[in-house]
Amino acid sequence: MAAARLMIHSMRDVTVVNFEDSSILDAAQIEAIGKALYDLVDVRNIRKLILDFSKVQFLSSSALGVLITLRSKCEAARGTLVICGLRKDLMQVFEITNLKKLFTFRSDEEEALAVFGVTTAG
């Protein structure tokens, strides 16, 4: 039913995924997002990955499961996953569920890119 609306682009050797929907709640949508994200690591061999949630206002617990699996895949592939652009209320979900310690968070895409030594300036 719902397709994954993801904008995927690269900055040097870092792949950035921007979520285009304000809510990630639908089971079919979450499954499509999971498949797209897992393919980045499993098929395209992406090792430096940023997930930008700046447009997302609502996130289901199933979506958290996808993120946990993606983190495991990245770790197994010796890659790095950074999450950025999380709204304050969504960050609280990660804190309440004790998932904050599993992920690396940055406030925006520029700070996330800096984790990999990439700057947006010329």
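Is Asp42 buried, partly exposed or exposed? With a relative accessible area of 42%, Asp42 is partly exposed; here buried stands for under 20% relative accessible area, exposed for over 50%, and partly exposed for what lies in between (1.4 Å probe, protein chains only).

The model is a predicted one, in which local features need pLDDT of at least 70 and side-chain atom pairs count only at pLDDT 80 or more, while totals for chains, interfaces and linings use all residues. Residues are numbered from 1 along each chain as its sequence is written, and side-chain values use heavy atoms, with hydrogens and water left out.

Now for the overall layout. The chain holds four helices and seven strands, taken as DSSP runs numbered from the N terminus (helices: H or I, at least four residues; strands: E, at least two). Going along the sequence, they come in the pattern β-β-β-α-β-β-α-β-α-β-α. The radius of gyration is 13 Å, close to the 14 Å that the globule rule gives for 122 residues, so the chain is as compact as a globular protein of that length. That radius is taken over C-alpha atoms, and the rule itself is 2.2 Å times the number of residues to the power 0.38. Along its principal axes, the C-alpha trace spans about 40 × 30 × 25 Å. Of the 122 residues, 41% count as buried. Contacts (heavy atoms within 4.5 Å) tell their own story: of those with a separation of 6 or more, 67% come from residues 24 or more positions apart.

Next come the charged side chains. Side chains of opposite charge can pair when their charged atoms come close. The structure has eight salt bridges, each being a side-chain nitrogen of Lys or Arg within 4 Å of a carboxyl oxygen of Asp or Glu. One of them joins Asp21 and Arg5, at 2.6 Å from N to O. Asp21 sits in the loop between strand E2 (14-19) and strand E3 (23-24), and Arg5 in the segment before strand E1 (6-11), so this pair ties together parts that are 16 residues apart in sequence. Asp21 counts as buried at 16% relative accessibility, whereas Arg5, at 47%, counts as partly exposed.

Back to Asp42: its salt bridge partner is Lys73, with the closest N and O atoms 2.8 Å apart. This pair links distant parts of the chain, since Asp42 belongs to helix H1 (residues 27-42) and Lys73 to helix H2 (residues 61-76), 31 residues apart. Lys73 is partly exposed, at 25% relative accessibility. Helix H2 also contains Glu75 and Arg71, four residues apart and separated by about one helical turn; their side chains meet in a salt bridge at 3.1 Å, N to O.
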